[in-house]
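Biologist: I have a structure open and would like to learn how to read it. Could you take me through a few features?

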Amino acid sequence: MTPPDAPQNRWSDLDRPPLNVTALRRGLLRPGSLWSELEVVETTGSTNSDLAERARSGDLAEGTVLVAEEQTAGRGRLERSWTAPPRSGLFFSVYLEPGDGVPVERWGWVPLLAGVAAATGLAKSAGVDTALKWPNDLLVTVPKGSDKRRPGETPPGEERKTGGILGEFAGDGIVVGLGINVSLRADELPAPTAGSLALAGAVSTDRETLLRAVLRSLEHWYGEWKGAGGDAAASGLQAAYAAGCATLDRTVRAELPGGNSLVGQAVAIDGDGRLVLSTDDGLQQPVSAGDIVHLRGAAGGLT
């Protein structure tokens, strides 16, 4: 056992081995693949900030992937921070240039596309049902304390945020960052509403397996969407997002920019990727930006 005052090194937590960049490159940087470059760094402030800076300088190829074993200034929407212990999750950003054949007004679908890709990839590789909370959160169901349940009875669970997505325009394209809690234990969670794949009962928390699955899924969905000229309906992206979205069919509160809020039932994701709310006055109001609070629904509780 490592003494508490012992210096930390890349092997100090044997349950969290470092990523093997050589193996990742061999599996992902194939001829004809979207992925053109993959780098793993020990620590950085924010992978999104690093790639955005390179994109603005013109020194970045489409398909570049930057992965950090630790982020010290990871960012979510609205400049919220995202922190986690080293090697406890996947913290990475990719650079995409949809401009060739995709109108810029459709680029807003890219973060939603990343959500579909992450949920699909994690379901296959981790065996965890991952849902989407509009616009940019990944949810898993974490079992509550269930000491009194009968043998064979499924324990009750609650939705927890295990990942987030951030997209930002940079250079001639868009940088999309993903942060996914993989092996965080209960005492390491940053908030009561947070979760991890491990706590949700993942069959695998091997980060290399998970990263390959998410990136391959992202390549697939990006190719389908771009091949359809960014048309989310024609590419199947709109339907896939709606099918995996835990926000739909629930009563929610949209906390809008400027301090206003709107309460209604989430009834659809429209062709522009907006969340459509049906309000008590019978109107259907699309929401393009804002924080969404799940007020009630199948899973119950506030999220």
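Biologist: What is the average pLDDT of the protein?

Modeller: pLDDT is the predictor's confidence in each residue, from 0 to 100. Here the average is 89, and 86% of the residues score at least 70. Where pLDDT is low, the predicted coordinates should not be read in detail. That applies to residues 1-11, where pLDDT stays under 50, and to residues 298-302, where pLDDT also stays under 50.

Biologist: Which residues of helix H1 are buried?

Modeller: Helices (H or I, at least four residues) and strands (E, at least two) are DSSP runs, numbered from the N terminus. Buried means under 20% relative accessible area, exposed over 50%, and partly exposed in between (1.4 Å probe, protein chains only). In H1, residues 21-28, the buried ones are Ala23, Leu24, Gly27 and Leu28. These four lie on the same side of H1, because they cover an arc of only 115 degrees around the axis, taken from the directions from the helix axis to the C-beta atoms. An α-helix has 3.6 residues a turn, so residues three or four places apart point the same way.

Biologist: What do the buried residues of H1 pack against?

Modeller: They pack against strand S1 (37-41) and helix H4 (207-227). Contact means heavy atoms within 4.5 Å.

Biologist: How does S1 pair with strand S2, parallel or antiparallel?

Modeller: Two strands pair if DSSP finds at least two bridges between them. S1 and S2 are parallel, with 5 bridges, and Glu37 stands opposite Thr64 in S2. S2 also has 4 bridges to strand S5 (residues 89-96), and that pair is antiparallel. Both faces of S2 are covered, with Thr64, Leu66 and Ala68 buried on one side and Val65 and Val67 on the other.

Biologist: And in a loop, is Thr247 buried or exposed?

Modeller: Thr247 sits between helix H5 (237-244) and strand S10 (251-255). Thr247 counts as buried because its relative accessibility is 0%. Thr247 and Trp134 are 113 residues apart in sequence, yet 6.2 Å apart in space, C-alpha to C-alpha. The side chain of Thr247 reaches the backbone nitrogen of Trp134 at 3.0 Å.

Methods: Residues are numbered from 1 along each chain as its sequence is written. This is a predicted model: local features need pLDDT of at least 70, side-chain atom pairs count only at pLDDT 80 or more; totals for chains, interfaces and linings use all residues. Side-chain values use heavy atoms; hydrogens and water are left out. A polar contact is a pair of N or O atoms within 3.5 Å; within protein, one must be able to donate a hydrogen and the other to accept it, and residues adjacent in sequence count only if both atoms are side-chain atoms.
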